[in-house]
Amino acid sequence: WKKETIAAAEKQWIAFREVLDSLDVWNWEKEYVDPGVCDGTSWHLDIEYDDKSLHCRGQNKFPGKSGVDTDDADDSTVFKQFLDAVQKLAGDWTFR
């Protein structure tokens, strides 16, 4: 994977943080992994703020409501909302 840094306006970062807080990402597990699948979708996330940080990853599992895992990113409304917020912050840059 390739590490990217997003340069966005302060207003965009504030809106992004509001989404993170509303989704309660700060309580996500460190890992969402399905050990029975050897290929598929892998993801890695590092978010740093002065007051909070999040470091988690997944392989064929995604955080759902209240951080409970699910094996379908499309069924995980919480993860989809997170991805949508990242895409909005990233603008024209496609990260998926």
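This is a predicted model: local features need pLDDT of at least 70, side-chain atom pairs count only at pLDDT 80 or more; totals for chains, interfaces and linings use all residues.
How many residues sit between β2 and β3 in their hairpin? I looked, and the hairpin of β2 and β3 has 4 residues between them.

Ground rules first. Residue numbers start from 1 along each chain as its sequence is written, and side-chain values use heavy atoms, with hydrogens and water left out.

Entry on the strands. I took strands as DSSP runs of E with at least two residues, and helices as H or I runs of at least four, numbered from the N terminus. Pairing needs at least two DSSP bridges between two strands. β2 (residues 42-48) runs antiparallel to β3, joined by 7 bridges. β1 (residues 31-33) pairs with β3 in the parallel sense over 3 bridges. I checked G58 of β3: it is the bridge partner of Y32 and also of W43.

Entry on the helices. I got an angle of about 175° between α1 (residues 10-23) and α2 (residues 77-90), with the axes 10 Å apart. Axes are lines fitted to C-alpha atoms, for helices over the stretch in contact, and angles run from 0 to 180 degrees between N-to-C directions. α1 and α2 are therefore roughly antiparallel (over 145 degrees). On the α1 side, the contact (heavy atoms within 4.5 Å) includes W13, F16 and L20; on the α2 side, F82, V86 and L89 are among the residues.

Key
Angles under 35 degrees count as roughly parallel, over 145 as roughly antiparallel, 65 to 115 as roughly perpendicular and the rest as oblique.
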